[in-house]
Amino acid sequence: MLAMVLHPDVQARAQAEIDAGVGRDRMPSFADRDALPYIRAVVRESLRWRMVGPLGVPRTTVQDDVYEGYFIPKGSVVLENIWAMNRCVSAPRARVFGVV
């Protein structure tokens, strides 16, 4: 919601794509996915910008592992820092999307 308020041009373009690809008589469904590439991009960017779970889902290692010199024993709970991954300044297009 906030993103659409801050960027009315994006909201207008997204609405135009829905109107053209789906029409005004029904709600979009997953069957319409291929006809809505801009909507898919807006959803992905919105989740990158303000993700639902910044630390992801806790996972458990199934075997001993070594990551960048750190020993991680079998059975350890591991959290991926999705927030940091989505703001990786070494990503090829980070500057294009305003991450840095």
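Glutamate 17 is buried (under 20% relative accessible area, with exposed over 50% and partly exposed in between; 1.4 Å probe, protein chains only), yet has no salt bridge. A salt bridge here is a side-chain nitrogen of Lys or Arg within 4 Å of a carboxyl oxygen of Asp or Glu. The nearest side chain of opposite charge to glutamate 17 is arginine 13, 6.2 Å away; Lys and Arg count as positive and Asp and Glu as negative, while His and the chain ends are not counted.

The model is predicted: local features need pLDDT of at least 70 and side-chain atom pairs pLDDT 80 or more, whereas totals for chains, interfaces and linings use all residues. Residues are numbered from 1 along each chain as its sequence is written, and side-chain values use heavy atoms, without hydrogens and water.

Glutamate 17 sits in helix α2, residues 8–21; helices are DSSP runs (H or I, at least four residues), numbered from the N terminus. A polar atom of the glutamate 17 side chain is 3.0 Å from the backbone nitrogen of tyrosine 38. Leaving aside residues up to four places away in sequence, glutamate 17 touches Val22, Ala35, Leu36, Pro37, Tyr38 and Ile39, where contact means heavy atoms within 4.5 Å.

Side chains of opposite charge can pair when their charged atoms come close. Across the whole structure, two salt bridges are found.

| aspartate 19 | arginine 24 | 3.0 Å |

Aspartate 19 is partly exposed at 23% relative accessibility, and arginine 24 is exposed at 69%. In the other pair, aspartate 32 is buried at 9%, while arginine 26 is partly exposed at 43%.

Key
Helix = DSSP H or I, 4+ residues; strand = E, 2+ residues; numbered from the N terminus. Polar contact = N/O pair within 3.5 Å; in protein donor to acceptor, adjacent residues only side chain to side chain.
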